[in-house]
Amino acid sequence: MTSFAPDSLVLNSKLPLWYQVSQSLRASILGRPADTPLRLPTEDGLAAHYGVSVLTMRQALKELEGEGLITRHRRRGTFIEPTALRGAPVKLLGSVDAIVAQQSGGRTAVLQHGLSPLPPGVAEHFPGLTEAMAYRRLRCDDDGEPTNWAENFVRPELAERIDLADLERGPMTKVLRDVLGVRISRITDTVEARLADPETARLLRVPLLSPILHYTGVTYDGSGRAVDVVRIHYRGDRFSFTVTMEAP
């Protein structure tokens, strides 16, 4: 039986290994194509894939099992839970893979793209530029229910290399890093509570002025230059954010 093939991972010595592995595997599961096999490789196979011990791998799988993303069956193996995409919580612990996991899952449609003037709050991250390539995307769960919509502003020279089909399969962060080969040094996140404006209410099918989680993420490359600014509007009844601070 063919097994699910997770993405690769470059480990960060500053974060717990089990956490990095769980978030990378989580992103692979949530961003998988519809026809992907549901059976995961063995613990030994996954440990070898990520370059960690079996005990570390076991702890990562336990985390995903607790979230309801996978089910484990003695003698049969470990399987992706087909219905696990709906309303999965967001957990952030300072890694790029956590951001990819946060923005993965469900089905994504590119609503619009093209060069656009930089709006207030975005222009400050792109000194010297007056416009960038803007992508408007809507993400729905497997039942077709809207969960969030996003607007990305990307440097034009990078946008020239982006295939829209890749944006329908995975988040912008993953496309920049894994498809375009951009070395991402850090991402800054801001999350705030807002009320749904008319456009957000229409796209997410919620009442006007209903609670919305508004996320702003700025992605920087290895030279410290901002390459992408994303503004994501999450339905307040479908997402929660948990931030964990590790002691040194």
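**Exercise 1.** In which sense do E7 and strand E8 pair, and over how many bridges?

First, some ground rules: this is a predicted model, so local features need pLDDT of at least 70 and side-chain atom pairs 80 or more, while totals for chains, interfaces and linings use all residues. Residues are numbered from 1 along each chain as its sequence is written, and side-chain values use heavy atoms, without hydrogens or water.

Step 1: strands are DSSP runs (E, at least two residues; helices are H or I, at least four), numbered from the N terminus, and two strands pair if DSSP finds at least two bridges between them.
Step 2: E7 and E8 (residues 211-221) run antiparallel, with eleven bridges.
Step 3: look across at valine 191 and you'll find tyrosine 215 of E8 opposite.

**Exercise 2.** Is leucine 208 buried or exposed?

Step 1: find leucine 208 in the loop between helix H8 (198-204) and E8.
Step 2: its relative accessibility is 51%, so leucine 208 counts as exposed (over 50%; buried is under 20%, partly exposed in between, with a 1.4 Å probe and protein chains only).

**Exercise 3.** Which residues touch the most other members of the largest nonpolar core?

Step 1: such a core joins buried Ala, Val, Leu, Ile, Met, Phe, Trp, Tyr and Cys through side-chain atoms within 4.5 Å.
Step 2: among its 23 residues, the answer is Tyr135 and Ile162.
Step 3: E9 gives the most to this core, four residues.
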